[in-house]
Amino acid sequence: MNNALPIPTPDPMPLPGPVWLMMALLLLTFLLHLLAMNLTLGGTAIALLCTLRRKSDAFAARLAGDLLRVLPVSLAFTITLGVAALLFVQVLYGNLLYASSILIGAFWITVIPALIVAYYATYYSKSHPGSTGALWVSLALLVAIGFVYVNNLTLMMTPQRWLAMYRESTAGFHLNWNEPTLVPRFLHFMLGAFAIAGLIVFAAGVWTRSTEYGRWLVARGSQWFVAPTVLNYLVGMWFLMSLPHNVLLDLFTHGMLAASMVGLGMLLPLAAIMHVILAAKTEKTLVHGRLGVAATVLTLVVMVVIRQLVRNAYVSPFVHLHELPVNSQWSVIGLFLALFVGGLITVYAMLKPLTAKRGKPMESAATAD
C-alpha cells in the first residue's frame, strides 16, 4: 500500500471467500446489471422516440406501449443487480470507493432520490402512454445517474487526486473532470445502452418476423443497433487512446489476456454489425439474427473483462488484492450461490411470458410486474 497518498487502510475484516471468487461474482453481477441497465436506459430513449412519432406511425405507437410495459420491470432488475455488483466492488475496493464517494458525496447521495423519481416517472409513463413529459424526466435522471457513477468509479481509481480536491472543498461537490477517460467512458456506456436496446427490439422482430409488425421491428431495431455501435466503435478507440501511458503499458506488458481481449473487442462488434445487417436485408433472418445477438453478448463479456483489467492497471500501485486476509465461509457462499441460481430461475419464469406468444413478444410483460 502506498503510504504517501491518503488511502484508507483496507477493512480488517477478512474476505468471506477467495479473491478469485469475489472477482468472478463481481464480473458476473455487473454483466447482468449491464444487460438490465442497457434495456432500461436505451429502452426509455426508444420509447420516447416512438411516443413522439405515435401519431404518424402506428407501429411506433405499438412499440412504445410494449416498451412501457417492460421498463418498470427492467428498472427493478437494474437496481437490484446494480446493488449486487456494487457490494462486490465494496468488498474488494471498499477503501477506495468510500473515499471517492465522500469527495462527490453531494452528487452521490442524490442517486437514490433520483432513482425513486425515475421509477415513478416510468410507471407514470406506463399508465399515460401518450405523455412524453415523464419519459423525458426518467431519461434525464437515468443519464445523470450514469454520469455520477462514472465519475465515482473513475475517481476511485485515482487516489493521487483526492488530497488536492479535499483541500479545495470538503462539501462533496467534486466531479472527476481531470480524468481523461471520463467523457469517452460515459459516452461508451450511453451509446452501448441505446444499441443493446435496439438489438432487443431487433430480436423481438426476428422472433415475430412472419408479421408486418415483426418485420418493422427488425428494420428499426437493426438501425438503432448499427448506428450507435459504429459510433461506439470510434468512442471506444478514443477511450483506449485516452488511457494514461502507464495504464496502457501495464495492460499490454503483462501477458496476452489484455491484448487478446482488446482484439476481440474490436472484431466482435464488426461481426455483430455484419450479421444484424444481413438479418435485416436477406432471407436468412433467423440465422444471422442469432449470430448477431451472440456476437453482441460476447462483446459485452469482453468489455466487462477489459473494464476490470483497466481498473486493475489503475489501482495496481495502491491496492494488492492478494494481500487481503481471507476467511472463506463456504457454507455461506454455497447458500448465496444456491439463492443466486434460484433467483435467476425465478427471473426466467417471470420473463417467460415475454416470449410465450409468438406474435406479442413484449405485450405480456405486464404479467411480470
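Biologist: Which residue forms a salt bridge with D57?
Modeller: The partner of D57 is R53, and their closest N and O atoms are 3.6 Å apart. A salt bridge here is a side-chain nitrogen of Lys or Arg within 4 Å of a carboxyl oxygen of Asp or Glu. This is a predicted model, where local features need pLDDT of at least 70, side-chain atom pairs count only at pLDDT 80 or more, and totals for chains, interfaces and linings use all residues. Residues are numbered from 1 along each chain as its sequence is written, and side-chain values use heavy atoms, with hydrogens and water left out.

Biologist: Is D57 buried or exposed?
Modeller: D57 is buried, at 12% relative accessible area, whereas R53 is partly exposed, at 38%. Buried means under 20% relative accessible area, exposed over 50%, and partly exposed in between (1.4 Å probe, protein chains only).

Biologist: How many salt bridges are found in the whole structure?
Modeller: The search finds three. One of them joins the side chains of D66 and R69, at 3.1 Å from N to O. Both residues lie in helix α2, three residues apart, which is about one turn of the helix. Helices are DSSP runs (H or I, at least four residues), numbered from the N terminus. D66 is buried at 1% relative accessible area, while R69 is partly exposed at 27%.

Biologist: And which residue meets R161 in a salt bridge?
Modeller: That residue is E179, again with 3.1 Å between N and O. R161 is in the loop between α5 and α6 (162–168) and E179 in the loop between α6 and α7, so the pair ties together parts 18 residues apart in sequence. Both R161 and E179 are buried.

Biologist: Changing topic, how many cavities of 30 Å³ or more are there?
Modeller: There are two. A cavity is a set of points, on a 1 Å grid over the protein atoms alone, where a 1.4 Å probe fits but cannot get out; lining residues have an atom within 4 Å of a point. A volume is the space filled by probe spheres set on the points, which are joined across faces, edges and corners.

Biologist: What is the volume of the largest cavity, then?
Modeller: The largest cavity has about 690 Å³. Its lining has 30 residues, and H188, N232, G236, T299 and M303 lie nearest the centre.

Biologist: Which helix gives the largest share of that lining?
Modeller: Helix α8 does, with eight residues.

Notes:
On a 1 Å grid over the protein atoms alone, a cavity is a set of points where a 1.4 Å probe fits but cannot get out, and a pocket is an open set with protein on both sides within 12 Å along at least five of seven lines; lining residues have an atom within 4 Å of a point. Helices (H or I, at least four residues) and strands (E, at least two) are DSSP runs, numbered from the N terminus.
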